[in-house]
Amino acid sequence: MTPKLLLAASLLALPFAVQAGPLHLFTENTPPDIMRDGQRIIGISPEKVKEIMSRAGISYTVEIMAWRRAYELAQRMPDACVFSTSRTPEREALFKWVGPLREFDWTLYGLANAPFQINTLEDAKKLRIGGYNGDVRVQYLQDRGFTVDVAPDNFSNPRKLMGGRIDLWVTSHLLANGLLEHEGLVGKIVPLLTFHTSRAYLACNKAVPEATIAAMSAAMADIVKDGTAAAIDRKYANWRPR
């Protein structure tokens, strides 16, 4: 069977959702996972979501906003989802889950000449850690008694670190690598400890029909199987801010 026929057969095998109206998808600006390009919303997760919705036959809208508002709207609106949402035990019962869209690390960055060593997460207990509002890593650390300086976004944290306003910055390698190169800080700010990894999903309101969830889940499995998901990951592997 030719590749085109294989794809056609795969699409015919997908369960199509019965959705009364469009799903409303909410997200945040977190490059390179999610970002604006003029009027378009691009990035790793939006491109995977676009494929999922197309293959599942689901109409949708997508809007970027502050993460906390996006997360709250997805819990209030019966036809809404939020992405990319870390699937944690605390959140498990709050949503219906589709994914994972991607996996990301939880890493502490610090100055290359920092006057301390971080061998375990507990070593950071007495230090000031920079993060951004609504990030699951920030919530995780705060819940465990760490001192977290919360910024509106992730982009100010390297400057805060260089200025001595924080001692550590909690983020991911993919974001940090691009941002540090853009700011000319490669070698000055370095990863000190990766203490966790998590998977990010499309998290949908519990009122979203099971048929819709099943269709999206089947489409997600399909883009993994045919290599589309991996191709999107590779596309952004060397992302740098413009």
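**Exercises on a predicted model**

R55 and E51 sit in helix α2 together, four residues apart, about one turn of the helix. Helices (H or I, at least four residues) and strands (E, at least two) are DSSP runs, numbered from the N terminus. The model is predicted: local features need a pLDDT of at least 70 and side-chain atom pairs a pLDDT of 80 or more, while totals for chains, interfaces and linings use all residues. Residues are numbered from 1 along each chain as its sequence is written, and side-chain values use heavy atoms, with hydrogens and water left out.

**Exercise 1. Confidence**

Task: State the average pLDDT of the chain, and find what pLDDT residues 1-13 have.

Solution.
Step 1. pLDDT is the predictor's confidence in each residue, from 0 to 100. The chain averages 91, and 92% of the residues score at least 70.
Step 2. Residues 1-13 have a pLDDT below 50, and this stretch makes six contacts in the model beyond near neighbours in sequence (contact: heavy atoms within 4.5 Å).
Step 3. Where pLDDT is low, the predicted coordinates should not be read in detail.

**Exercise 2. Salt bridges**

Task: Describe the salt bridge between R55 and E51, and then the one between R159 and E183.

Solution.
Step 1. A salt bridge is a side-chain nitrogen of Lys or Arg within 4 Å of a carboxyl oxygen of Asp or Glu. Side chains of opposite charge can pair when their charged atoms come close. The whole structure has 15 salt bridges.
Step 2. The R55 and E51 side chains meet at 3.0 Å, N to O. R55 counts as buried because its relative accessibility is 9%, whereas E51, at 27%, is partly exposed. The cut-offs are under 20% relative accessible area for buried, over 50% for exposed, and in between for partly exposed (1.4 Å probe, protein chains only).
Step 3. The two residues also belong to a network of salt bridges that links E51, R55, D222 and D226.
Step 4. In the salt bridge of R159 with E183, the closest N and O atoms are 4.0 Å apart. R159 is in helix α5 (residues 157-162) and E183 is in the loop between α6 (173-182) and β10 (189-204), so the pair ties together parts that are 24 residues apart in sequence. Both are partly exposed: R159 has a relative accessible area of 49%, and E183 has one of 32%.
Step 5. A further salt bridge joins R40 to D37, with 2.6 Å between the closest N and O atoms. D37 counts as partly exposed because its relative accessibility is 23%.

**Exercise 3. Two polar residues**

Task: Are S45 and T107 buried or exposed, and which side chains do they meet in polar contacts?

Solution.
Step 1. S45 belongs to helix α2 (residues 44-56). With a relative accessibility of 0%, S45 counts as buried.
Step 2. The S45 side chain makes a polar contact of 2.5 Å with the side chain of S84. A polar contact is a pair of N or O atoms within 3.5 Å; within protein, one must be able to donate a hydrogen and the other to accept it, and residues adjacent in sequence count only if both atoms are side-chain atoms.
Step 3. Apart from neighbours within four places in sequence, the contacts of S45 include D33, F83 and L101.
Step 4. T107 is in strand β6 (residues 96-111) and is buried, with a relative accessible area of 0%. A polar contact of 2.8 Å joins its side chain to that of T194.
Step 5. The C-alpha atoms of T107 and H173 are 7.1 Å apart, although 66 residues separate the two along the chain.

**Exercise 4. The sheet and its helices**

Task: Give the strand order of the open sheet and say which strands stand at the edges.

Solution.
Step 1. The eight strands follow the order β4-β1-β5-β10-β6-β9-β7-β8, with mixed pairing; two strands pair if DSSP finds at least two bridges between them.
Step 2. β4 (60-64) and β8 (147-151) are at the edges with a single partner strand each, so one side of each lacks a neighbour in the sheet. From one strand to the next, the twist averages 25°.
Step 3. Strands β1 (residues 23-27) and β5 (residues 80-86) run parallel and are joined by three bridges. H24 has A80 in β5 as its bridge partner.
Step 4. Helix α2 lies across β1, β4, β5, β6 and β10, at about 175° to β6. Helix α7 (residues 210-225) packs on the sheet, touches β1, β6 and β10, and makes about 60° with the direction of β6. For these angles, axes are lines fitted to C-alpha atoms, for helices over the stretch in contact, and angles run from 0 to 180 degrees between N-to-C directions.
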